[in-house]
Amino acid sequence: MEVAVLGAGTMGRGIAGASATAGHEVTIRDVEPPYVERGIESIGETLREGVDRGTVAPEERAAALDRITGTTDLADLAGAELVIEAVPEEMELKRETVADAERVTDGAVIASNTSSLSLTGIASALETPGRAIGLHFFNPVHLMDLVEVVVAEQTDDATVEFAEGFVEGLGKETIAVRDTPGFATSRLGVAIGVEAMRMVEQGVASPRAIDRAMELGYNHPVGPLELTDVVGLDARLDILEALHEELGERFHPPRILKRKVRAGKLGKKTGEGFYVWEDGEPVGPADE
């Protein structure tokens with residue numbers, strides 16, 4: 001299958017890499033050549049790590065990279081059967097992106113990787129909204145087994161079946177959810193994360209103690225504050241602001257989160273959030 005991924009950031013490159021590894025021909029598109037180049041380089045690095053761990057054969061890495069084409073030209077998406085947008089979490093940007101993709105493709109399923117925005121609102125930008133679906137992947141895409149399939153008010157049954165088949169072909173599992181604020185995973189995930197942030201603000205315990213409580217007491221593989229650092233504090237803030245508007249005060253973003261985002265302390269990707277990060281690993285708590 002020909003798959004087009006719009007956006008070469010963290011999620012876009014992860015989706016593109018997983019699709020190419022599964023045997024699909026992938027076009028990854030972004031607005032500037034350096035973004036595209038960095039995205040493909042990152043996919044190569046992730047696959048190289050797989051080779052080093054023994055989970056990816058060297059020839060599999062080479063074949064996957066051969067299946068990936070980078071571009072800045074929307075016209076290069078013309079042959080895609082599936083388009084997955086992974087642009088920043090802004091409603092108007094996503095609506096413009098999916099509408100542009102629909103114009104240059106012929107009958108492609110148009111998927112959004114949104115983690116919190118209304119899929120029904122995104123789908124309404126299309127001439128044929130029945131072909132819209134949410135495919136909410138999780139970071140890091142190559143390691144996470146779940147994809148949340150979000151069904152808009154307009155989505156037709158054939159699109160749902162197509163999307164679930166694609167995800168299963170990646171070796172991942174799906175859950176289907178109705179298009180509601182935060183879907184299932186974002187709503188539950190940020191509910192735990194926001195309470196952990198409030199506990200830090202109130203001096204209940206250190207970030208590490210809170211994380212260990214959930215790891216050891218509830219068997220979570222990673223604590224809510226370290227997970228926030230991995231996801232990105234800016235991404236968590238965007239989700240909380242959307243949920244706050246839709247669902248009320250229980251999702252009001254904590255002051256500590258707003259303060260860190262204003263300071264550019266966005267987590268793992270900037271080297272500091274609730275933890276200090278070096279070489280992709282948390283090495284200690286961030287100073288408050």
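This is a predicted model: local features need pLDDT of at least 70, side-chain atom pairs count only at pLDDT 80 or more; totals for chains, interfaces and linings use all residues.

**Binding-site residues and a pocket**

Trainee: With which side chain does the side chain of K269 make a polar contact?

Mentor: A polar contact is a pair of N or O atoms within 3.5 Å; within protein, one must be able to donate a hydrogen and the other to accept it, and residues adjacent in sequence count only if both atoms are side-chain atoms. For the side chain of K269, the distance is 2.9 Å, and the partner is the side chain of D234.

Trainee: Is K269 buried or exposed?

Mentor: Buried means under 20% relative accessible area, exposed over 50%, and partly exposed in between (1.4 Å probe, protein chains only). K269 has a relative accessible area of 53%, so the residue is exposed.

Trainee: Is G7 buried or exposed?

Mentor: UniProt, in an unreviewed entry, lists G7 and K269 among the positions of the feature "binding site"; such annotations may be inferred rather than shown by experiment. G7 has a relative accessible area of 7%, and therefore G7 is buried.

Trainee: How far apart in space are the "binding site" positions, between C-alpha atoms?

Mentor: The positions in the UniProt record include G7, D30, E89, N139 and K269. They are spread over 263 residues of sequence, and in space they reach up to 22.7 Å.

Trainee: Which helix gives the largest share of the lining of the second largest pocket?

Mentor: On a 1 Å grid over the protein atoms alone, a pocket is an open set of points where a 1.4 Å probe fits, with protein on both sides within 12 Å along at least five of seven lines; lining residues have an atom within 4 Å of a point. Helices are DSSP runs (H or I, at least four residues), numbered from the N terminus. Of the 13 lining residues, the closest to the centre include S116 and E246. The largest share, 5 residues, comes from helix α10.

How values were computed: Residues are numbered from 1 along each chain as its sequence is written. Side-chain values use heavy atoms; hydrogens and water are left out. Helices (H or I, at least four residues) and strands (E, at least two) are DSSP runs, numbered from the N terminus.
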